[in-house]
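This briefing sets out selected features of the structure shown below.

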Amino acid sequence: MRALDAGLIICGECHRLHRRSAAHLHCQRCGARLHARRPHSIARTWALLLAAAILYIPANLLPIMSVNFLGNGAPATIMGGVIELIHAGMLPIASVVFIASILVPSFKLCGLVLLLYSVQRYQRLSPRQRILMYRFIEWIGRWSMLDIFVIAILVALVRFGNLASIEAGPGAAAFALVVVLTMLAATSFDPRLIWDNTDTDADHD
Amino acid sequence: MPSSPAPSTTDLQDVPLSSLLACHECDLLLRHVDLPLEHKACCPRCGYELQTHRAHMSRRALALVLTALLLYIPANFLPIMQLDLLGQRSEDTVWSAVLALYQSEMVFIAVLVFLCSMAIPLLKLLCQLWVLLAITLRRGQRPALQVYRLYHHLREWGMLEVYLMGILVAIVKLADLADLHLGAGMACFIALLLAQVWLEVSMSPHQVWDALEDAHARA
(Lines give C-alpha, C1' and ligand atoms only; values in the text may rest on other atoms or scores of the structure.)
Protein backbone atom coordinates (compact mmCIF):
# COMPACT_ATOMS: atom_id res chain seq x y z
CA MET A 1 0.00 0.00 0.00
CA ARG A 2 1.28 3.43 -0.90
CA ALA A 3 1.48 6.07 1.80
CA LEU A 4 -0.42 8.34 -0.57
CA ASP A 5 -3.39 5.91 -0.64
CA ALA A 6 -3.44 5.93 3.15
CA GLY A 7 -3.76 9.71 3.11
CA LEU A 8 -0.18 10.20 4.30
CA ILE A 9 2.47 12.49 2.87
CA ILE A 10 6.14 12.05 3.52
CA CYS A 11 8.28 15.16 3.92
CA GLY A 12 10.66 15.35 0.97
CA GLU A 13 13.52 16.61 3.12
CA CYS A 14 13.40 15.01 6.55
CA HIS A 15 11.12 12.04 5.70
CA ARG A 16 8.64 12.69 8.51
CA LEU A 17 5.11 11.43 7.88
CA HIS A 18 2.11 13.76 7.85
CA ARG A 19 -1.61 13.22 7.51
CA ARG A 20 -2.84 14.74 4.31
CA SER A 21 -4.90 17.81 5.13
CA ALA A 22 -5.25 21.45 4.20
CA ALA A 23 -3.75 22.46 7.53
CA HIS A 24 -0.38 20.85 6.86
CA LEU A 25 1.28 22.64 3.99
CA HIS A 26 4.67 22.62 5.67
CA CYS A 27 6.53 19.89 7.47
CA GLN A 28 6.02 20.17 11.21
CA ARG A 29 9.57 19.15 11.90
CA CYS A 30 11.78 20.86 9.33
CA GLY A 31 9.41 23.39 7.76
CA ALA A 32 9.84 22.23 4.17
CA ARG A 33 6.80 22.50 1.88
CA LEU A 34 4.92 19.22 1.68
CA HIS A 35 4.21 17.65 -1.70
CA ALA A 36 2.76 14.23 -2.41
CA ARG A 37 5.19 14.02 -5.34
CA ARG A 38 7.95 16.42 -6.36
CA PRO A 39 6.13 19.25 -8.16
CA HIS A 40 6.27 19.26 -11.99
CA SER A 41 8.81 16.48 -11.78
CA ILE A 42 8.34 15.23 -15.34
CA ALA A 43 8.27 18.64 -17.03
CA ARG A 44 11.31 19.87 -15.14
CA THR A 45 13.31 16.76 -15.84
CA TRP A 46 12.45 16.93 -19.55
CA ALA A 47 13.48 20.59 -19.71
CA LEU A 48 16.81 20.04 -18.00
CA LEU A 49 17.45 16.94 -20.07
CA LEU A 50 16.73 18.75 -23.33
CA ALA A 51 19.10 21.57 -22.40
CA ALA A 52 21.77 19.03 -21.52
CA ALA A 53 21.27 17.17 -24.80
CA ILE A 54 21.70 20.36 -26.81
CA LEU A 55 24.88 21.31 -24.94
CA TYR A 56 26.17 17.78 -25.37
CA ILE A 57 26.92 18.60 -29.05
CA PRO A 58 29.34 21.53 -28.47
CA ALA A 59 30.77 19.67 -25.49
CA ASN A 60 31.96 16.91 -27.78
CA LEU A 61 32.82 18.94 -30.89
CA LEU A 62 34.67 21.91 -29.35
CA PRO A 63 38.16 21.44 -27.91
CA ILE A 64 38.11 20.98 -24.12
CA MET A 65 41.76 21.93 -23.77
CA SER A 66 44.74 22.84 -25.87
CA VAL A 67 48.27 21.74 -25.11
CA ASN A 68 50.98 24.17 -26.22
CA PHE A 69 54.38 22.52 -26.40
CA LEU A 70 57.34 24.56 -27.69
CA GLY A 71 55.06 26.99 -29.45
CA ASN A 72 52.90 24.36 -31.14
CA GLY A 73 49.31 24.50 -29.95
CA ALA A 74 47.20 21.37 -30.28
CA PRO A 75 43.53 21.71 -29.31
CA ALA A 76 41.96 18.41 -28.29
CA THR A 77 38.36 17.31 -27.95
CA ILE A 78 37.21 14.79 -25.33
CA MET A 79 37.46 11.88 -27.76
CA GLY A 80 40.80 13.24 -29.03
CA GLY A 81 42.19 13.09 -25.51
CA VAL A 82 41.08 9.48 -25.09
CA ILE A 83 42.64 8.48 -28.45
CA GLU A 84 45.87 10.23 -27.47
CA LEU A 85 45.99 8.25 -24.22
CA ILE A 86 45.43 5.01 -26.15
CA HIS A 87 48.28 5.87 -28.54
CA ALA A 88 50.49 6.59 -25.56
CA GLY A 89 49.77 3.05 -24.38
CA MET A 90 47.90 4.10 -21.24
CA LEU A 91 44.88 1.89 -21.71
CA PRO A 92 43.55 1.76 -18.12
CA ILE A 93 43.52 5.52 -17.72
CA ALA A 94 42.14 5.92 -21.25
CA SER A 95 39.24 3.67 -20.34
CA VAL A 96 38.60 5.58 -17.09
CA VAL A 97 38.41 8.86 -19.01
CA PHE A 98 36.35 7.25 -21.76
CA ILE A 99 33.85 5.84 -19.26
CA ALA A 100 33.63 9.02 -17.16
CA SER A 101 33.37 11.55 -19.95
CA ILE A 102 31.76 9.74 -22.87
CA LEU A 103 29.89 6.62 -21.74
CA VAL A 104 28.45 8.03 -18.51
CA PRO A 105 26.98 11.27 -19.91
CA SER A 106 25.43 9.41 -22.87
CA PHE A 107 24.09 6.72 -20.58
CA LYS A 108 22.64 9.34 -18.26
CA LEU A 109 20.89 11.17 -21.08
CA CYS A 110 19.46 7.97 -22.60
CA GLY A 111 18.61 6.46 -19.22
CA LEU A 112 16.67 9.48 -18.00
CA VAL A 113 14.78 9.71 -21.31
CA LEU A 114 13.88 6.04 -20.94
CA LEU A 115 12.74 6.56 -17.34
CA LEU A 116 10.60 9.57 -18.27
CA TYR A 117 9.13 7.71 -21.22
CA SER A 118 8.37 4.67 -19.08
CA VAL A 119 6.61 6.84 -16.49
CA GLN A 120 4.47 8.58 -19.10
CA ARG A 121 3.70 5.56 -21.29
CA TYR A 122 3.46 1.83 -20.92
CA GLN A 123 6.79 0.24 -20.06
CA ARG A 124 8.40 -3.12 -20.46
CA LEU A 125 11.04 -2.77 -17.76
CA SER A 126 10.01 -3.83 -14.30
CA PRO A 127 9.93 -1.14 -11.58
CA ARG A 128 12.82 -2.85 -9.86
CA GLN A 129 14.99 -2.62 -12.97
CA ARG A 130 14.03 1.01 -13.41
CA ILE A 131 14.73 1.97 -9.80
CA LEU A 132 18.16 0.35 -10.08
CA MET A 133 18.78 2.35 -13.23
CA TYR A 134 17.65 5.55 -11.52
CA ARG A 135 19.91 4.97 -8.53
CA PHE A 136 22.82 4.21 -10.81
CA ILE A 137 22.23 7.42 -12.79
CA GLU A 138 21.94 9.44 -9.60
CA TRP A 139 25.11 7.95 -8.15
CA ILE A 140 27.28 8.09 -11.25
CA GLY A 141 26.37 11.67 -12.22
CA ARG A 142 29.08 13.42 -10.27
CA TRP A 143 31.86 11.23 -11.69
CA SER A 144 31.56 12.97 -15.05
CA MET A 145 33.19 16.01 -13.43
CA LEU A 146 36.42 14.02 -13.59
CA ASP A 147 37.58 15.55 -16.86
CA ILE A 148 36.90 19.07 -15.61
CA PHE A 149 39.06 18.47 -12.52
CA VAL A 150 41.83 16.94 -14.63
CA ILE A 151 41.82 20.06 -16.81
CA ALA A 152 41.93 22.30 -13.74
CA ILE A 153 44.95 20.46 -12.34
CA LEU A 154 46.78 20.38 -15.68
CA VAL A 155 46.17 24.08 -16.30
CA ALA A 156 47.60 24.90 -12.86
CA LEU A 157 50.57 22.58 -13.16
CA VAL A 158 51.75 23.02 -16.74
CA ARG A 159 52.57 26.73 -16.76
CA PHE A 160 56.00 27.16 -18.26
CA GLY A 161 55.34 30.10 -20.58
CA ASN A 162 56.30 29.37 -24.19
CA LEU A 163 57.95 26.11 -23.29
CA ALA A 164 54.79 24.27 -22.36
CA SER A 165 51.35 25.34 -21.24
CA ILE A 166 47.83 23.95 -21.14
CA GLU A 167 44.69 26.00 -21.55
CA ALA A 168 41.06 25.06 -21.08
CA GLY A 169 38.87 25.32 -24.17
CA PRO A 170 35.24 26.33 -24.70
CA GLY A 171 34.20 22.67 -24.92
CA ALA A 172 35.05 22.29 -21.23
CA ALA A 173 32.48 24.90 -20.21
CA ALA A 174 29.81 23.19 -22.34
CA PHE A 175 30.76 19.81 -20.89
CA ALA A 176 30.64 21.12 -17.31
CA LEU A 177 27.16 22.48 -18.00
CA VAL A 178 26.04 19.11 -19.36
CA VAL A 179 27.20 17.46 -16.14
CA VAL A 180 25.46 20.03 -13.93
CA LEU A 181 22.23 19.89 -15.93
CA THR A 182 22.04 16.09 -15.95
CA MET A 183 22.70 16.05 -12.20
CA LEU A 184 19.86 18.53 -11.70
CA ALA A 185 17.64 16.46 -13.99
CA ALA A 186 18.31 13.34 -11.91
CA THR A 187 17.44 15.24 -8.71
CA SER A 188 14.20 16.63 -10.09
CA PHE A 189 12.97 13.22 -11.21
CA ASP A 190 10.75 11.67 -8.55
CA PRO A 191 11.48 7.92 -8.30
CA ARG A 192 8.07 7.30 -6.72
CA LEU A 193 6.53 7.96 -10.13
CA ILE A 194 8.12 4.70 -11.28
CA TRP A 195 5.98 2.78 -8.80
CA ASP A 196 2.88 4.93 -9.19
CA ASN A 197 1.86 3.74 -12.63
CA THR A 198 2.52 0.09 -11.97
CA ASP A 199 0.24 -2.13 -9.95
CA THR A 200 3.00 -3.75 -8.01
CA ASP A 201 1.83 -4.53 -4.55
CA ALA A 202 2.28 -8.12 -5.62
CA ASP A 203 5.87 -7.29 -6.45
CA HIS A 204 7.05 -7.28 -2.88
CA ASP A 205 7.06 -10.13 -0.48
CA MET B 1 17.52 -6.87 8.68
CA PRO B 2 14.32 -6.78 6.64
CA SER B 3 11.71 -4.23 7.53
CA SER B 4 8.34 -5.26 8.86
CA PRO B 5 5.47 -5.91 6.43
CA ALA B 6 3.10 -3.18 5.35
CA PRO B 7 0.12 -2.58 7.59
CA SER B 8 -2.98 -4.13 6.12
CA THR B 9 -5.56 -2.51 8.37
CA THR B 10 -7.94 -0.15 6.64
CA ASP B 11 -8.50 2.17 9.56
CA LEU B 12 -5.15 3.89 9.55
CA GLN B 13 -6.72 6.99 11.05
CA ASP B 14 -6.27 5.51 14.52
CA VAL B 15 -2.66 4.41 14.06
CA PRO B 16 -0.20 6.96 15.47
CA LEU B 17 2.14 8.33 12.81
CA SER B 18 5.16 7.44 14.91
CA SER B 19 4.43 3.76 14.38
CA LEU B 20 4.45 4.15 10.60
CA LEU B 21 7.19 4.69 8.07
CA ALA B 22 7.04 5.35 4.34
CA CYS B 23 9.75 4.55 1.83
CA HIS B 24 11.15 7.76 0.43
CA GLU B 25 11.82 6.26 -2.99
CA CYS B 26 8.70 4.19 -3.70
CA ASP B 27 6.14 5.47 -1.18
CA LEU B 28 5.45 2.02 0.29
CA LEU B 29 3.84 2.27 3.70
CA LEU B 30 5.55 0.26 6.41
CA ARG B 31 5.27 -0.30 10.11
CA HIS B 32 8.04 1.32 12.08
CA VAL B 33 10.27 -0.87 14.22
CA ASP B 34 12.97 0.25 16.61
CA LEU B 35 16.24 -0.93 15.21
CA PRO B 36 18.98 -2.49 17.34
CA LEU B 37 22.38 -0.75 17.21
CA GLU B 38 24.35 -1.04 13.97
CA HIS B 39 21.38 -2.51 12.12
CA LYS B 40 19.74 -1.06 9.05
CA ALA B 41 16.23 -1.29 7.65
CA CYS B 42 15.67 -1.57 3.90
CA CYS B 43 12.49 -1.16 1.91
CA PRO B 44 11.17 -4.64 1.03
CA ARG B 45 9.85 -3.45 -2.33
CA CYS B 46 12.57 -1.27 -3.81
CA GLY B 47 15.53 -2.00 -1.55
CA TYR B 48 16.09 1.63 -0.51
CA GLU B 49 18.00 1.95 2.76
CA LEU B 50 15.40 3.47 5.08
CA GLN B 51 17.24 3.81 8.36
CA THR B 52 20.53 2.90 9.94
CA HIS B 53 21.06 2.92 13.66
CA ARG B 54 24.64 3.87 14.55
CA ALA B 55 26.20 3.58 17.98
CA HIS B 56 27.52 6.79 19.60
CA MET B 57 26.45 8.65 16.49
CA SER B 58 26.90 12.24 17.60
CA ARG B 59 30.14 11.73 19.54
CA ARG B 60 31.80 9.78 16.74
CA ALA B 61 30.56 12.18 14.08
CA LEU B 62 31.73 15.21 16.06
CA ALA B 63 35.25 13.76 16.30
CA LEU B 64 35.26 13.11 12.56
CA VAL B 65 33.97 16.59 11.69
CA LEU B 66 36.73 18.20 13.75
CA THR B 67 39.34 15.95 12.12
CA ALA B 68 38.08 16.86 8.67
CA LEU B 69 38.04 20.59 9.47
CA LEU B 70 41.62 20.44 10.74
CA LEU B 71 42.71 18.75 7.54
CA TYR B 72 40.79 21.14 5.31
CA ILE B 73 43.35 23.98 5.18
CA PRO B 74 46.48 21.86 4.53
CA ALA B 75 44.58 19.71 2.03
CA ASN B 76 43.57 22.72 -0.03
CA PHE B 77 46.60 24.99 0.30
CA LEU B 78 49.62 22.65 0.53
CA PRO B 79 51.06 21.49 -2.80
CA ILE B 80 49.52 18.27 -4.08
CA MET B 81 52.28 17.80 -6.60
CA GLN B 82 55.29 19.52 -8.13
CA LEU B 83 56.36 19.40 -11.73
CA ASP B 84 59.95 20.00 -12.85
CA LEU B 85 60.55 20.73 -16.50
CA LEU B 86 64.00 21.80 -17.76
CA GLY B 87 64.93 23.53 -14.53
CA GLN B 88 61.57 25.21 -14.03
CA ARG B 89 59.27 24.13 -11.24
CA SER B 90 55.56 24.55 -10.80
CA GLU B 91 53.33 23.53 -7.91
CA ASP B 92 49.70 22.57 -7.81
CA THR B 93 47.31 23.03 -4.92
CA VAL B 94 43.53 22.76 -5.04
CA TRP B 95 43.37 26.53 -4.67
CA SER B 96 46.01 27.26 -7.32
CA ALA B 97 44.07 25.14 -9.81
CA VAL B 98 41.06 27.40 -9.28
CA LEU B 99 43.22 30.51 -9.64
CA ALA B 100 44.89 29.25 -12.82
CA LEU B 101 41.52 28.60 -14.44
CA TYR B 102 40.32 32.02 -13.38
CA GLN B 103 43.39 33.71 -14.82
CA SER B 104 43.03 31.89 -18.13
CA GLU B 105 39.58 33.48 -18.43
CA MET B 106 37.59 30.31 -17.90
CA VAL B 107 35.60 31.97 -15.14
CA PHE B 108 32.63 29.62 -15.29
CA ILE B 109 34.76 26.50 -14.90
CA ALA B 110 36.87 28.20 -12.23
CA VAL B 111 33.75 28.95 -10.20
CA LEU B 112 32.40 25.44 -10.68
CA VAL B 113 35.67 23.79 -9.64
CA PHE B 114 35.90 26.14 -6.66
CA LEU B 115 32.37 25.21 -5.57
CA CYS B 116 32.68 21.46 -6.02
CA SER B 117 36.18 20.99 -4.62
CA MET B 118 36.47 23.71 -1.96
CA ALA B 119 33.39 25.75 -1.04
CA ILE B 120 30.74 23.04 -0.84
CA PRO B 121 32.89 20.47 1.00
CA LEU B 122 33.72 23.15 3.59
CA LEU B 123 30.12 24.30 3.83
CA LYS B 124 28.98 20.69 4.30
CA LEU B 125 31.45 20.19 7.13
CA LEU B 126 30.37 23.43 8.80
CA CYS B 127 26.70 22.41 8.50
CA GLN B 128 27.48 19.06 10.07
CA LEU B 129 29.47 20.73 12.86
CA TRP B 130 26.57 23.10 13.60
CA VAL B 131 24.02 20.29 13.70
CA LEU B 132 26.18 18.08 15.90
CA LEU B 133 26.89 20.93 18.29
CA ALA B 134 23.17 21.69 18.50
CA ILE B 135 22.50 18.05 19.39
CA THR B 136 25.34 17.83 21.90
CA LEU B 137 24.71 21.17 23.61
CA ARG B 138 20.91 20.77 23.41
CA ARG B 139 20.31 24.29 22.19
CA GLY B 140 19.53 26.05 18.91
CA GLN B 141 17.70 23.11 17.37
CA ARG B 142 15.36 25.21 15.27
CA PRO B 143 18.11 26.85 13.16
CA ALA B 144 19.97 23.53 13.15
CA LEU B 145 16.99 21.90 11.39
CA GLN B 146 17.32 24.46 8.57
CA VAL B 147 21.09 23.99 8.45
CA TYR B 148 20.63 20.23 8.15
CA ARG B 149 18.17 20.76 5.29
CA LEU B 150 20.80 22.89 3.55
CA TYR B 151 23.33 20.11 4.10
CA HIS B 152 21.11 17.61 2.29
CA HIS B 153 20.78 19.95 -0.67
CA LEU B 154 24.55 20.40 -0.87
CA ARG B 155 25.35 16.78 -0.33
CA GLU B 156 25.99 15.48 -3.81
CA TRP B 157 27.70 18.68 -5.00
CA GLY B 158 30.80 18.18 -2.87
CA MET B 159 33.05 16.09 -5.08
CA LEU B 160 36.26 15.35 -3.20
CA GLU B 161 36.42 11.72 -4.32
CA VAL B 162 36.01 12.71 -7.96
CA TYR B 163 38.77 15.29 -7.49
CA LEU B 164 41.09 12.61 -6.13
CA MET B 165 40.42 10.52 -9.23
CA GLY B 166 41.21 13.65 -11.28
CA ILE B 167 44.55 13.98 -9.47
CA LEU B 168 45.37 10.36 -10.31
CA VAL B 169 44.50 10.83 -13.99
CA ALA B 170 46.61 14.00 -14.10
CA ILE B 171 49.56 12.17 -12.51
CA VAL B 172 49.41 9.42 -15.12
CA LYS B 173 49.15 11.96 -17.93
CA LEU B 174 52.16 13.94 -16.75
CA ALA B 175 54.33 11.15 -15.39
CA ASP B 176 56.46 10.60 -18.47
CA LEU B 177 56.33 14.21 -19.68
CA ALA B 178 58.35 15.62 -16.81
CA ASP B 179 59.64 15.06 -13.27
CA LEU B 180 56.68 14.75 -10.95
CA HIS B 181 56.80 14.78 -7.15
CA LEU B 182 53.88 14.30 -4.80
CA GLY B 183 53.57 16.84 -2.00
CA ALA B 184 52.24 16.89 1.55
CA GLY B 185 48.93 18.28 0.28
CA MET B 186 48.20 14.93 -1.36
CA ALA B 187 48.37 13.06 1.96
CA CYS B 188 46.19 15.67 3.64
CA PHE B 189 43.71 15.56 0.79
CA ILE B 190 43.37 11.78 1.01
CA ALA B 191 43.01 12.00 4.80
CA LEU B 192 40.33 14.69 4.43
CA LEU B 193 38.48 12.51 1.93
CA LEU B 194 38.62 9.47 4.23
CA ALA B 195 37.41 11.47 7.23
CA GLN B 196 34.57 12.91 5.19
CA VAL B 197 33.44 9.54 3.79
CA TRP B 198 33.59 7.94 7.24
CA LEU B 199 31.63 10.88 8.63
CA GLU B 200 28.91 10.46 6.04
CA VAL B 201 28.61 6.78 6.88
CA SER B 202 28.46 7.34 10.65
CA MET B 203 26.15 10.36 10.69
CA SER B 204 22.88 8.57 10.10
CA PRO B 205 20.27 11.13 8.89
CA HIS B 206 17.22 9.71 10.63
CA GLN B 207 19.02 9.71 13.98
CA VAL B 208 19.99 13.35 13.43
CA TRP B 209 16.44 14.38 12.49
CA ASP B 210 15.02 12.51 15.49
CA ALA B 211 17.57 14.01 17.87
CA LEU B 212 16.84 17.52 16.60
CA GLU B 213 13.09 16.95 16.85
CA ASP B 214 13.18 15.48 20.36
CA ALA B 215 15.16 18.38 21.69
CA HIS B 216 12.97 20.77 19.73
CA ALA B 217 9.82 19.30 21.31
CA ARG B 218 11.31 19.45 24.82
CA ALA B 219 12.37 23.07 24.47
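Predicted model: local features only at pLDDT ≥ 70, side-chain atom pairs only at ≥ 80, totals over all residues.

**Surroundings of B:Ser96**

Leaving aside residues up to four places away in sequence, B:Ser96 touches A:Ala156 and B:Glu91.

**B:Ser96**

- B:Ser96 is found in helix 2 of chain B, which spans residues 94-103.
- The relative accessible area of B:Ser96 is 14%, so this residue is buried, the limit for that class being under 20%.

**A:Leu177**

- Helix 6 of chain A, residues 170-188, contains A:Leu177.
- A:Leu177 counts as partly exposed because its relative accessibility is 31%, which falls between the 20% and 50% limits.
- When residues up to four places away in sequence are not counted, A:Leu177 touches A:Leu55 and B:Phe108.
- A:Leu177 and A:Ala52 are 125 residues apart along the chain, while their C-alpha atoms are separated by 7.3 Å.

**Helix 1 and helix 3 of chain B**

- Two packed helices are described by the distance between their axes and the angle between those axes.
- In chain B, the axes of helix 1 (residues 57-77) and helix 3 (residues 107-137) come within 10 Å and cross at roughly 155°.
- Helix 1 of chain B is therefore roughly antiparallel to helix 3 of chain B, since angles over 145 degrees are classed in this way.
- The crossing of helix 1 of chain B and helix 3 of chain B is left-handed.
- The residues in the contact of helix 1 of chain B with helix 3 of chain B comprise 17 nonpolar, five polar and no charged.
- On the helix 1 side of chain B, the residues that meet helix 3 of chain B include B:Ser58, B:Ala61, B:Leu62, B:Val65, B:Leu69, B:Tyr72 and B:Phe77.
- On the helix 3 side of chain B, the residues that meet helix 1 of chain B include B:Ser117, B:Met118, B:Leu122, B:Leu126, B:Gln128, B:Leu133 and B:Thr136.

**Domain assignments**

- For chain A, the domain assignment gives domain 1 as 1-36 and domain 2 as 39-199.
- The C-alpha centres of domain 1 and domain 2 of chain A lie 34 Å apart.
- For chain B, the domain assignment gives domain 1 as 12-52 and domain 2 as 57-218.
- The C-alpha centres of domain 1 and domain 2 of chain B lie 31 Å apart.

How values were computed:
Residues numbered from 1 in each chain as written. Chains lettered and ligands numbered in written order. Heavy atoms only, no water. Axes fitted to C-alpha atoms, helices over the stretch in contact; angles between N-to-C directions. Helix = DSSP H or I, 4+ residues; strand = E, 2+ residues; numbered from the N terminus. Parallel < 35°, antiparallel > 145°, perpendicular 65-115°, else oblique. Left-handed = near helix turned anticlockwise from the far one by under 90°. Contact = heavy atoms within 4.5 Å. Nonpolar A, V, L, I, M, F, W, Y, C, P; charged D, E, K, R; others polar. Buried < 20%, exposed > 50% of the residue type's maximum accessible area, 1.4 Å probe, protein only. Domains from an automatic or database assignment.
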